[in-house]
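Hi,

Here is the structure I promised to pass on. Have a look at it first, and then read on for what turned up when I went through it.

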Amino acid sequence: MRSAGWILFAALAAGCTSTSEAPEPKARCQAVDNETELVGDVFELVNLARSAHGLEPLILDPLLSAVADEFACEMIEGGFLAHANPTSQVSPGERLTTAGYIYYAMGENIAAGQTSAAEVVHDWLLSESHRANLLSSEWREIGIAVRRGGKHGWYWVQEFADPLEFTSR
């Protein structure tokens, strides 16, 4: 009888002395059901804004979009919202170069929390630095990504660039 009571007491005591918490699960980057539509809407709204300011429309580039997509997931899974990963310190330009995209100039817009293309483009246009990127005459191409997950729920990335083109002789 005495040993059964002691085992129960030892089990209860062991449970009370633990001060460590279970690690927070890593956020998962998720595709958005209507991703193609949302990317298309952002693309259209960006080019409408550019047109209203007398700028040429941008071309949607698949490599820039892939870099944007990868970075959206990196932010979600890393738990940050910044142009450079706080751990690796890799910059937007380094991400493009690593992906094999060679450019004269590049820029990046990021956002989080907006749940529609209209809302995110509106917010970018209200921000002086994001608006400057969106309406820059330096760019010819754009990549766009939207992903779900993480602290803010929705993550948006735009990569802008003027590609270096090689001509064959």
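Before we get to the helices, a word on naming: helices (H or I, at least four residues) and strands (E, at least two) are DSSP runs, numbered from the N terminus. Please keep in mind that this is a predicted model.

**The overall picture**

The protein chain has six helices and four strands. Read from the N terminus, the elements follow the order α-α-β-α-α-β-α-α-β-β. Of the 169 residues in the protein chain, 40% are buried. Among contacts with a separation of 6 or more, 71% are between residues 24 or more positions apart.

**Helix α2**

An α-helix has 3.6 residues a turn, so residues three or four places apart point the same way.

**Helix α3**

Helix α3 gets the same check: its 17 residues should span 24 Å at 1.5 Å a residue, and its end C-alpha atoms are 24 Å apart, which agrees. At the start of α3, D61 places a side-chain oxygen within 3.0 Å of the backbone nitrogen of L63. The buried residues in α3 are L64, S65, V67, A68, D69, F71, A72, C73, M75 and I76. They pack against α2, β1, α4, β2 (103-112), β3 and β4. Just after α3, G79 has a positive phi of about 70°.

E74 belongs to helix α3. With a relative accessible area of 24%, E74 is partly exposed, because buried would require under 20%. Leaving aside neighbours within four places in sequence, E74 is in contact with F80, N85, S88 and R95.

N85 is in the loop between α3 (62-78) and α4 (92-98). Is N85 buried or exposed? N85 is buried, with a relative accessible area of 12%. Although E74 and N85 are eleven residues apart along the chain, their C-alpha atoms are separated by 7.9 Å. Not counting residues up to four places away in sequence, N85 touches E74, F80 and V90. The side chain of N85 also reaches the backbone nitrogen of T87, at 2.7 Å.

Q89 is found in that loop between α3 and α4 too. Its phi is near 60°, a positive value in a residue other than glycine. At 52% relative accessibility, Q89 counts as exposed, since exposed means over 50%.

**Aromatic pairs**

How many aromatic pairs does the structure hold? There are three. One of them joins W139 and F160, which are stacked at 5.9 Å centre to centre with 20° between the planes. This pair links distant parts of the chain, with W139 in the loop between α6 and β3 and F160 in strand β4, 21 residues apart. W139 counts as buried at 6% relative accessibility, and F160 counts as buried at 0%.

W154 and W156 form an aromatic pair as well, stacked at 6.1 Å centre to centre with 15° between the planes. Both W154 and W156 are buried.

That is what I have for now. Enjoy looking through the structure!

Best wishes

Technical notes
Residues numbered from 1 in each chain as written. Predicted model: local features only at pLDDT ≥ 70, side-chain atom pairs only at ≥ 80, totals over all residues. Heavy atoms only, no water. Buried < 20%, exposed > 50% of the residue type's maximum accessible area, 1.4 Å probe, protein only. Polar contact = N/O pair within 3.5 Å; in protein donor to acceptor, adjacent residues only side chain to side chain. Contact = heavy atoms within 4.5 Å. Phe/Tyr/Trp six-rings, centres within 6.5 Å; stacked < 30°, edge-to-face > 60°. Expected span 1.5 Å × (residues − 1).
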